[in-house]
Amino acid sequence: MAGRNNFPHPITILFFAIIIAAGCTWLMPSGEYSKLSIKGDRFEMATQDGSIYLPLTQHTLDSLGMLIPLEKFTGGAIIKPVSVNGTYRKSKEKKQGFLEIVSAPVKGLYEAADIVFLILVIGGFINVFNETGAMMGGVTWLVHKMKGREKWLIIILTFLFALGGSTFGMAEEGLAFYPVLVPLLLAAGYDLLVPVAVIYGGTCIGNLSSFTNPFATIIASNAAGINWTEGMIGRIIIFIITTSVAIAYILRYAQKVKAHPERSLVYRFAGGSVSPYPVVTFEGDVIPTLPKRNLLLLLLFGATFVVMITGVVVYDWWLEEMTTVFVASSLLIGLITRTNESVFVKQFVKGAEMLLSAALIVGIARGITIILNEGMVSDSILYYAAQAVQHLPASLFIVMMLILFIVLSVFISSSSGMAVLTMPILGALAVIVNVPGKEIVNSYLYGIGIMGFLTPTGLVLPSLAMANVNLKVWWKFIRLLILMLFVICSAALIIGIWLH
């Protein structure tokens, strides 16, 4: 079976994607919308001919046809430049050639340096902890205690990751959990695909409904000129439905693999990929114990994640602070175990090396967005798509909006960037076709949520790399779930139109 593991490396896939993105700049017209932002005590509207300064008043926004209340700008709810409806103009072509293709991954690594460093530090932290023996001891003990009830690990963990995605936009944070859950779920009798489904699949499902996600729902609602609480009940219902469907889907596969390991997609299509982390083994009938030293280290390990998530949710921490938490915890582990300084450094560096590939993937993926932005085709895609759907009936229009956001997610990786680019344009268009603003926001959430499972500009490739699973295996696993989610979300949007 090993000979079947010939799927290209994620970095190779990304380089091909960068080339395709560059090709789009040769095939599509360049153009852009004017962008509005605050500059001191006035508005600045950046156009192709230069900047125009306008009074910082609601009248200015109304005259530009923008539905956004002034306080969304002055109160800091909107901080990125917002597209101005009706201002799209074709621009001088900026076709991306060989030099731009070669430099795009480098620029992407610079742009994604914060995430790259987080991944490398997580690798160092995990390896320092692994060397203490507490990780394997704790996993062995937990698997023994959960024997016969392993499915609850999948149910509880998937729900928690989904809840994190829906409430505070959990995404990059999930990368920290692979070195923990891969050994745990392998020891429970599952394959390498299951931890990816639980962690990455869970956060994607959560981000799809995003009932309180500040990086998606709140920014998009503000940019569309509506209160972010509009439609929240419906999004909570979608969260319950889609999370239940995803858990059942993952559980069905996991139980099948546990009962018949030869039916594993990893085994069938990747020759049984090797775990990138230490594997738990059981010796005879020995009952695992949990010594006090290991318990202390495990409590510190768990506290690290609690502190990280609390900081993100309560204190607006982001990647710099998250990285600092893992550095501090690594040092504490070294002090508690009294590890020799040179040994500690070697352990940390070795751990960073283990995740170097995943870190590089994150940066290189940014190169795709850089090519499209510098080629000035992202706004063109939005403009021509909006022109194509503006005369459709409301029910068909909202489904086309869902498809549009699925497509745009390939080109625009940032949820907040997508919101400020699209919402002012499509929000104004929705008024014309009698579609409530909340459903435009929902179509945006559902679209980027569905495509989040696959888009190469997102976190799918680094997530797969963290568990040594290739994209072919992931596609064969996730395609039916994606179809189910599309049907559910389309139905929810149409029902929302009917109830309007």
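Start at the N-terminal end of helix 22: select Asn 470 and Lys 472. A side-chain oxygen of Asn 470 comes within 3.0 Å of the backbone nitrogen of Lys 472, at the start of helix 22. That is a polar contact (N or O atoms within 3.5 Å; within protein, one able to donate a hydrogen and the other to accept it; residues adjacent in sequence count only if both atoms are side-chain atoms).

The model is predicted: local features need pLDDT of at least 70, side-chain atom pairs count only at pLDDT 80 or more, and totals for chains, interfaces and linings use all residues. Residues are numbered from 1 along each chain as its sequence is written, and side-chain values use heavy atoms, with hydrogens and water left out.

**Helix 22**

Now select residues 471-498. This is helix 22, with 28 residues. Helices here are DSSP runs (H or I, at least four residues), and strands are runs of E of at least two, numbered from the N terminus. From first C-alpha to last, helix 22 reaches 38 Å, close to the 40 Å expected. The expected span is 1.5 Å times one less than the number of residues.

Centre on Ile 478. Helix 22 has a kink of about 45° there. The bend is the angle between axes fitted to the seven residues ending at a residue and the seven starting there.

Which residues of helix 22 are buried? Among them are Val 473, Trp 474, Phe 477, Ile 478, Leu 481, Ile 482 and Leu 485. Further along, Cys 489, Ser 490, Leu 493, Gly 496 and Ile 497 are buried too. Buried means under 20% relative accessible area, exposed over 50%, partly exposed in between (1.4 Å probe, protein chains only). An α-helix has 3.6 residues a turn, so residues three or four places apart point the same way.

**Two more stops**

Select Thr 158, in helix 7 (residues 151-168). Is Thr 158 buried or exposed? Its relative accessible area is 1%, so Thr 158 is buried. Show its neighbours: Thr 158 touches Val 198, Gly 202, Ile 247 and Ile 250, leaving out residues up to four places away in sequence. Touching means contact (heavy atoms within 4.5 Å).

Next, select Ser 378, in helix 17 (residues 378-389). Ser 378 has 6% relative accessibility, so it counts as buried. Leaving out residues up to four places away in sequence, Ser 378 touches Leu 372 and Asn 373.

**Zoom out**

Show the whole chain. Its secondary structure comes to 22 helices and six strands. Along its principal axes, the C-alpha trace spans about 75 × 50 × 45 Å. Buried residues make up 54% of the 500 residues.
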